[in-house]
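Please read them alongside the coordinates.

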Amino acid sequence: MVSALVFVLFGLTGLIAIFIFCHLALWIFWFIVSRTISVKKEYDNPSAFYNWVFVLWYRYMMIVGRVRLHCTGSEKIPDDRKFLLISNHCSKFDNFIHCAVLKKYQIAYVSKPENFKIPIGGRFMRRGLYLSLPRGNTKEEFKTIMKAIGYIKENKVSIGIFPEGSRSKDGMLQEFKPGAFKIAEKTQCPVVVCCMKGTINIHKNCPWKKTDVYMDIIEVIEPSIWKEKNTVEVSQYAHDLIQNNLNKAN
């Protein structure tokens, strides 16, 4: 009886040691790779390798966050063109999940400057051509939008943006900033409309239970829409698509 108990304890200790070792090995790997990215250099070309490493980190965070994902509509996304991905925004996990699901596309997000200071992750954002958007600085905002337009026109990366401008604290969809849609208008690229449900609960549930997250690619708005609508109208149309999706029961 004592021997059996010792054997079980020894086995559990071994499993825990392996678990800890695997997690440490991954973080050491990400740290080492991140140190090869300069914080002083401005990168202007994407890297398949760094994108793969970053997506691996995103997928890892989904596992740690105990996300149980339900995804629909990803087959609607065009494979032959860069696009503007727009989505509602309730959690830091939103773009993690976007990139993990859409891993065959390289998406550079427009993000607030503070995020570029995140240890390890900030360096990968820089290398992934993520764009900093300072709030309240019209000149810098214009430069960021123009750079995003350039990335799509030069076929470098697709662009991801949250038109609400900030995370919703209660999960309710906020008004969209129409200026975000200038990127699609000026590049004549498709607008991929994505709706996220459940991500706001990840921080509440983790680590005690899993969180069901729903990612729906509702519609891909083709460039022909600009013949009929302006940025304000397209912004409202996309907003209504997401709001209607949020109103549906899962």
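1. α3 is mostly covered, with 8 of its 9 residues buried, where buried means under 20% relative accessible area, exposed over 50% and partly exposed in between (1.4 Å probe, protein chains only). The buried residues are Phe93, Asp94, Asn95, Phe96, Ile97, His98, Cys99 and Ala100. Helices (H or I, at least four residues) and strands (E, at least two) are DSSP runs, numbered from the N terminus.

2. This is a predicted model, in which local features need pLDDT of at least 70 and side-chain atom pairs count only at pLDDT 80 or more, while totals for chains, interfaces and linings use all residues. Residues are numbered from 1 along each chain as its sequence is written, and side-chain values use heavy atoms, with hydrogens and water left out.

3. Histidine 89 lies in the loop between β2 (84-87) and α3 (93-101). Histidine 89 is buried, at a relative accessible area of 11%. Its contacts (heavy atoms within 4.5 Å), leaving aside neighbours within four places in sequence, are Asp94, Phe162, Glu164, Ser166, Arg167 and Ser168.

4. The histidine 89 side chain makes a polar contact with the side chain of aspartate 94 at 2.8 Å. A polar contact is a pair of N or O atoms within 3.5 Å; within protein, one must be able to donate a hydrogen and the other to accept it, and residues adjacent in sequence count only if both atoms are side-chain atoms. The histidine 89 side chain also reaches the backbone oxygen of serine 91 at 3.4 Å.

5. Isoleucine 183 touches Leu84, Ile145, Ala148, Ile149, Ile152, Ile159 and Ile161, not counting residues up to four places away in sequence.
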